[in-house]
Amino acid sequence: MEVVSLRSAVMTNYEAKMFLQEQKDLSRGKGKDKKEKKKKMNKSLMTMCVETSNWLETQPASVQTEENVSLFCERLSQFCQNNQDQNSKNIRFSKSEIVQMINHRPQSAVEI
């Protein structure tokens, strides 16, 4: 197997859930057009998508909205600007750290 086009990006679980939902909706919509030839779907890929979607439903991503994620990022940015570390520099988080915080947000007071 050869990688033809390499594309990578860091995604939150919410974004992955939305992407899988869009793909599911697109695949269902294609069956309605009789002129379009039926494309064989890879059963392993379909299984992986279904299992991933089911797992994401058990994660905080199941109750997150785009507005919640945007608001969190805005407030985190304000927090970083208003607070300094021990060296008197503004606190900075990498993109991966921000994604980690979004993906692993506490679901209960005990987790805080």
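Helices here are DSSP runs of H or I at least four residues long, and strands are E runs of at least two. With those terms, the protein chain reads α-α-α-α along the sequence. It holds 4 helices and 0 strands. The model is predicted.

**Confidence and burial**

The mean pLDDT of the protein chain is 82. Of its residues, 87% reach 70 or more. Confidence is highest in H3, at a mean of 91, and lowest in H1, at 85. Where pLDDT is low, the predicted coordinates should not be read in detail. The chain has 112 residues, and 14% of them count as buried.

**Helix H3**

H3 runs over residues 66-82. It has 17 residues and spans 25 Å from its first C-alpha to its last. That is close to the 24 Å expected at 1.5 Å a residue. Val69, Leu76 and Cys80 are buried in H3. Viewed down the axis of H3, the buried residues fall within an arc of 35°, so they line one face of the helix. The other side of H3 carries the exposed residues Glu67, Arg75, Gln81 and Asn82. An α-helix has 3.6 residues a turn, so residues three or four places apart point the same way.

**Helix H4**

H4 covers 95-103. Its buried residues are Val99, Ile102 and Asn103. Down the axis of H4, these fall within an arc of 95°, so they too line one face of their helix.

| H3 | Val69, Leu76, Cys80 | 35° |

Rolling a probe the size of a water molecule over the atoms shows where empty space is left. The second largest pocket holds about 160 Å³ of space. Its lining consists of Thr12, Tyr14, Glu15, Glu66, Val69, Ser70, Cys73, Ile98, Val99 and Ile102. H1 (13-30), H3 and H4 each supply at least two of the lining residues. H3 gives the largest share, 4 residues. By class, the lining has 6 nonpolar, 2 polar and 2 charged residues.

Val69 lines the pocket and is buried in H3.

**The loop between H3 and H4**

Serine 88 sits in the loop between H3 and H4. Its phi is near 60°, a positive value in a residue other than glycine. Serine 88 is exposed, with a relative accessible area of 54%; the cut-off for exposed is over 50%.

Isoleucine 91 is in the loop between H3 and H4. Its relative accessible area is 23%, which makes isoleucine 91 partly exposed. The buried class ends under 20%. The C-alpha atom of isoleucine 91 is separated by 7.0 Å from that of glutamine 81, 10 residues apart along the chain. Gln81 is one of the exposed residues of H3.

Methods:
Residues numbered from 1 in each chain as written. Predicted model: local features only at pLDDT ≥ 70, side-chain atom pairs only at ≥ 80, totals over all residues. Heavy atoms only, no water. 1 Å grid on protein atoms, 1.4 Å probe; cavity = no way out; pocket = protein on both sides within 12 Å on 5 of 7 lines; lining within 4 Å. Points joined across faces, edges and corners; volume = space filled by probe spheres on them. Nonpolar A, V, L, I, M, F, W, Y, C, P; charged D, E, K, R; others polar. Expected span 1.5 Å × (residues − 1). Buried < 20%, exposed > 50% of the residue type's maximum accessible area, 1.4 Å probe, protein only. Arc of directions from axis to C-beta. pLDDT = per-residue confidence, 0-100.
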